[in-house]
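Here is a briefing for a first look at this structure. Keep the sequence and the 3D view side by side as you read.

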Amino acid sequence: MCSLKELSEEYLHNASVMEARIQQLEAQASRTISLEVRRKLRRRINTLHVMVCESRQTAFHLEHYYDKPEEGAVYVKPKPQRGRPKKKFSRYGYGTATPALVMHGRNADKPTVSGIRSELSRRNATKGNRS
């Protein structure tokens with residue numbers, strides 16, 4: 001069985017191998033004339049960059065698995081939100097009566113703030129006052 005320290009060293013070794021491969025692919029991409037081949041090489045390079053970062057992170061976590069947390073460093077889990085989700089903007093404006101509410105004869109619970117519908121209703125209201 002391997003220890004966590006040995007596993008972290010293996011991850012770091014693999015990261016260095018992938019970095020060498022990235023350098024080879026970048027050199028090949030700079031010499032390539034075809035745009036399609038260059039794009040494929042760039043995709044491979046980007047994938048290898050992600051793999052290198054993940055390998056380094058995993059090596060760090062394995063190496064420091066048994067370390068005690070530093071004084072004052074505390075991980076706080078985010079609290080889950082409870083209750084109704086907050087009301088969001090819609091294409092009818094915030095709090096504007098949607099067609100379904102209008103059809104059932106209900107008004108919006110809040111005055112309109114934005115949206116094309118509220119702008120059109122303001123224009124129609126000013127046209128009605130002119131007559």
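Ile 22 is found in helix 1. This is a predicted model, and Ile 22 counts as buried in it because its relative accessibility is 5%, under the 20% cut-off.

**Ile 22 and its surroundings**

- Ile 22 touches Ile 45, Leu 48, His 49 and Val 52, leaving out residues up to four places away in sequence.
- Asn 46 lies 24 residues from Ile 22 along the chain. The C-alpha atoms of the two are separated by 8.8 Å.

**The largest nonpolar core**

- Ile 22 is also part of the largest nonpolar core, which has 9 residues in all.
- Helix 1 gives the most, with 5 residues.

**Ser 55, a buried residue in helix 2**

- Ser 55 has its place in helix 2.
- Is Ser 55 buried or exposed? Ser 55 is buried, because its relative accessibility is 5% and the cut-off is 20%.
- Ser 55 is in contact with Tyr 11, Ala 15 and Met 18, setting aside neighbours within four places in sequence.

**Salt bridges**

- How many salt bridges does a search of the whole structure find? The search finds 3.
- Side chains of opposite charge can pair when their charged atoms come close.
- Lys 5 and Glu 63 meet through their side chains, at 3.4 Å from N to O. This pair links distant parts of the chain, with Lys 5 in helix 1 and Glu 63 in helix 2, 58 residues apart.
- Lys 5 counts as partly exposed, at 44% relative accessibility. Glu 63 is partly exposed too, at 34%.
- Arg 56 and Glu 19 form another salt bridge, at 1.8 Å from N to O. Again the pair links distant parts of the chain: Arg 56 is in helix 2 and Glu 19 in helix 1, 37 residues apart.
- Arg 56 has a relative accessible area of 43%, so it counts as partly exposed. Glu 19 is also partly exposed, at 28%.
- Glu 36 forms a salt bridge with Lys 40, and their closest N and O atoms are 3.7 Å apart. Both residues lie in helix 2, 4 residues apart, about one turn of the helix.
- Glu 36 counts as exposed, because its relative accessibility is 51% and exposed means over 50%. Lys 40 is partly exposed, with a relative accessible area of 47%.

**Confidence of the prediction**

- The chain has a mean pLDDT of 76. Of its residues, 51% reach 70 or more.
- Which element has the lowest mean pLDDT, and which the highest? Helix 3, residues 99–103, has the lowest, at 59. Helix 1 has the highest, at 94.
- Helix 1 is also the helix that holds Ile 22.

Definitions and conventions:
Residues numbered from 1 in each chain as written. Predicted model: local features only at pLDDT ≥ 70, side-chain atom pairs only at ≥ 80, totals over all residues. Heavy atoms only, no water. Core = buried A, V, L, I, M, F, W, Y, C linked by side-chain atoms within 4.5 Å. Buried < 20%, exposed > 50% of the residue type's maximum accessible area, 1.4 Å probe, protein only. Helix = DSSP H or I, 4+ residues; strand = E, 2+ residues; numbered from the N terminus. Salt bridge = Lys/Arg side-chain N within 4 Å of Asp/Glu carboxyl O. Contact = heavy atoms within 4.5 Å. pLDDT = per-residue confidence, 0-100.
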